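This briefing goes through one protein chain by topic.

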Amino acid sequence: MSPNLTATNEDEAQHVAADQSGNRRFSLKQRVSLWLISWAGYLAIRLIGPTLRISFAFEPGAEDEPRTHPAIYCFWHRCVFPAAYLYRDKGIRVLTSRSYDGEYIARIIERLGFRAVRGSSSRGALQSLRELKRELERGEFVAFTIDGPRGPRYVAKPGPIHLARITGAPIFSFYVAVERAWILKTWDAFIVPKPFSRVHCFVGAPIGVSADADPHEALGRMQAELEEARTRAEEVFSER
């Protein structure tokens, strides 16, 4: 994708318009299950979250994040649950899929003080990046579950690199490890912390991406930072 987000495409615009029809694209059964899942997920986070024993570690330049305005945050999809609790009520804009799975995640995180920006890593990607670009230009935080919505697990997508090139916003990679958790049998091995578990969040140093940077090289660097954050967070508990 070109870093120039001003171009448009008629077919894509039609697809985005269709996708923005809201709940009408879901069946009655899906709408009921979305209501149940989103409320169950929200209540689980609100009930389990306050019991967690949380610690943080930061590389130089990332202390006390999120505080840099604007900034782009990236993390692996599997730690959405603990990340949603740790970073609640900060008004972070999060790219979420227009899929069924993305819909209930969007509903959950919006109740936790995030703003869901509906989009995709493929269809509708251009429209999504335009909206995220506007948010960054307003000085907001944006975040990506960077291997979502369907994987492959631990493979980063290039959206943040394009945004960083055109806005100058730094990229922060982080990971939230959990000492005791239920691991769901999903593509991402989704983590649900057990009550009173220890949780450790590691935040990597900011990555700057200049307008003339090689996007493939920058993506490789971001991939490495994400893996480093995961390793550094998980080793806190593996050593025990």
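This is a predicted model, in which local features need pLDDT of at least 70, side-chain atom pairs count only at pLDDT 80 or more, and totals for chains, interfaces and linings use all residues. Residues are numbered from 1 along each chain as its sequence is written, and side-chain values use heavy atoms, with hydrogens and water left out. The chain has seven helices and nine strands; helices (H or I, at least four residues) and strands (E, at least two) are DSSP runs, numbered from the N terminus.

**Overall make-up**

- Of the 240 residues in the chain, 49% count as buried. Buried means under 20% relative accessible area, exposed means over 50%, and partly exposed is in between, with a 1.4 Å probe and protein chains only.
- Among contacts in the chain with a separation of 6 or more, 75% come from residues 24 or more positions apart. A contact means heavy atoms within 4.5 Å.

**Helices α6 and α7**

- Two packed helices are described by the angle between their axes and the distance between the axes.
- Helix α6 (residues 159–167) packs with helix α7 (residues 215–238) at an angle of about 120°, and their axes are 9 Å apart. The axes are lines fitted to C-alpha atoms, for helices over the stretch in contact, and angles run from 0 to 180 degrees between N-to-C directions.
- The two helices α6 and α7 are therefore oblique to each other. Angles under 35 degrees count as roughly parallel, over 145 as roughly antiparallel, 65 to 115 as roughly perpendicular, and the rest as oblique.
- On the α6 side, the contact is made by Pro 160, Ile 161 and Arg 165; on the α7 side, it is made by Pro 215, Ala 218, Leu 219 and Met 222.
- By class, this contact of α6 with α7 has six nonpolar residues, no polar residues and one charged residue. Ala, Val, Leu, Ile, Met, Phe, Trp, Tyr, Cys and Pro count as nonpolar, Asp, Glu, Lys and Arg as charged, and the others, Gly among them, as polar.
- Seven of the nine residues of α6 are buried, so this helix is largely enclosed by the rest of the structure. The buried residues are Gly 159, Pro 160, Ile 161, His 162, Leu 163, Ala 164 and Arg 165.
- Just after α6, Gly 168 has a positive phi of about 80°.

**Cysteines**

- The structure holds zero disulfides; a disulfide is a pair of cysteine sulfur atoms within 2.5 Å.
- Cys 79 is in no disulfide, and the nearest cysteine sulfur, that of Cys 201, is 7.9 Å away.
- Cys 79 is buried, with a relative accessible area of 0%.
- Cys 74 also counts as buried, at 0% relative accessibility.

**Cis peptide bonds and positive phi**

- His 69 and Pro 70 are joined by a cis peptide bond, with omega about -10°. Pro 70 lies in the loop between β1 (53–58) and β2 (71–75).
- The peptide bond from Gly 151 to Pro 152 is cis as well, with omega near 5°. Pro 152 is in the loop between β5 and α6.
- Asp 64 is not a glycine, yet has a positive phi of about 65°. Asp 64 is in the loop between β1 and β2 and counts as exposed at 55% relative accessibility.
- Ala 189, not a glycine either, has a positive phi of about 55°. Ala 189 is in the loop between β7 (181–183) and β8 (191–193) and counts as buried at 10% relative accessibility.

**Buried positions and their surroundings**

- Val 176 is in strand β6 (residues 171–178) and is buried, with a relative accessible area of 0%.
- Leaving aside neighbours within four places in sequence, Val 176 is in contact with Cys 79, Pro 82, Ala 83, Leu 86, Ile 191, Val 199, His 200 and Cys 201.
- Val 176 and Val 80 are 96 residues apart along the chain, and their C-alpha atoms are separated by 8.7 Å.
- Arg 230 belongs to helix α7 and is buried, with a relative accessible area of 16%.
- Leaving aside neighbours within four places in sequence, Arg 230 is in contact with Trp 76, Tyr 154 and Tyr 175.
- Gly 148 is in the loop between β5 (141–145) and α6 and is buried, with a relative accessible area of 8%.
- Gly 148 and Trp 187 are 39 residues apart in sequence and 9.8 Å apart in space, C-alpha to C-alpha.
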